[in-house]
Amino acid sequence: MERAGPSTSRRWFLKGAALAAVPYALLPDARAGAQDQAVDYPGAEWQQASRSNYTASDRPASYPLDCVIIHVTQETYAKTLAIFQNPEKKVTAHYLVRSADGHVAQCVREADIAWHAGDWDYNTRSIGIEHEGWVDRPAYFTDALYEQSAKLTAAICTKYGIPKDRDHIIGHYEVPGTDHTDPGRHWDWRRYMKLVAVG
Ligand SMILES: [Zn+2]
């Protein structure tokens, strides 16, 4: 299913303007070509999710964005990408951060509504960030994962005017009515929020 025309046109226009301001040589792997033009966060790798696994939208025009939701995958990085690309799974997040090196993949455009919170209202209001790992295996929460994720969250908050505090940067477990526990008790919120504050 294609996105509505007007929003697509506007996004392409904005992306073009943004790219024009950046010296070509500084772009991450410019040779990778057209796919990289889709990312909202510079440096992210575009890994398109199945269009069956999110709702096309035109945020923040359609829904104001007021929170970032932090998840842990309970799967490997590769398997999580495969799940997002499987139209049967009905789940996605906007971003996925890899444990070993903090590499960021973008799977759903920020304008679109990813299905990660298990709650429609929270899905419409949020950007979802998945982190490779397991809630009971803290070794997956590496320095690189914290640092790169915090930079991503800081950039999202700045872009949409979302306060960089724990009322607006929440864990999946804080979504009302959820039975999910992620990111779990080993996630170092104090450390994470300090990193977000310095961007
Ligand atoms: Zn979650």
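This is a predicted model: local features need pLDDT of at least 70, side-chain atom pairs count only at pLDDT 80 or more; totals for chains, interfaces and linings use all residues.
Residues are numbered from 1 along each chain as its sequence is written.

**The chain as a whole**

- You'll find five helices and eight strands in the protein chain; helices (H or I, at least four residues) and strands (E, at least two) are DSSP runs, numbered from the N terminus.
- Along the sequence, the pattern reads α-β-β-β-α-β-β-β-α-β-α-β-α.
- The protein chain has 199 residues, and 35% of them count as buried. A residue is buried if 20 or more other C-beta atoms lie within 10 Å of its own, exposed if 12 or fewer, and partly exposed in between, with C-beta atoms placed from the backbone.
- Take the contacts between residues at least 6 apart in sequence: 72% join residues at least 24 apart. Two residues are in contact if their C-beta atoms, placed from the backbone, lie within 7 Å.

- In helix α2 (residues 77–84), the buried residues are Thr80, Leu81, Ile83 and Phe84.
- Looking down the axis of α2, those buried residues fall within an arc of 160°, so they line one face of the helix; the arc is that of the directions from the helix axis to the C-beta atoms.
- An α-helix has 3.6 residues a turn, so residues three or four places apart point the same way.
- The buried residues of α2 pack against β4 (95–97), β5 (104–106) and β7 (126–131).
- Over on the other side of α2, Ala78, Lys79 and Ala82 are exposed.

**Where α4 meets α5**

- The axes of helix α4 (residues 143–160) and helix α5 (residues 189–198) come within 8 Å and cross at roughly 50°. Axes are lines fitted to C-alpha atoms, for helices over the stretch in contact, and angles run from 0 to 180 degrees between N-to-C directions.
- On α4, the contact uses Tyr146, Glu147, Ala150, Thr153 and Ala154, while α5 brings Arg191, Tyr192, Leu195 and Val196.

**Asn53, a buried loop residue**

- Asn53 sits in the loop between β1 (45–46) and β2 (54–55).
- Asn53 counts as buried because it has 22 C-beta neighbours inside 10 Å.
- Leaving aside neighbours within four places in sequence, the contacts of Asn53 include Phe84, Pro87 and Trp115.
- Asn53 and Ile83 are 30 residues apart in sequence and 9.5 Å apart in space, C-alpha to C-alpha.
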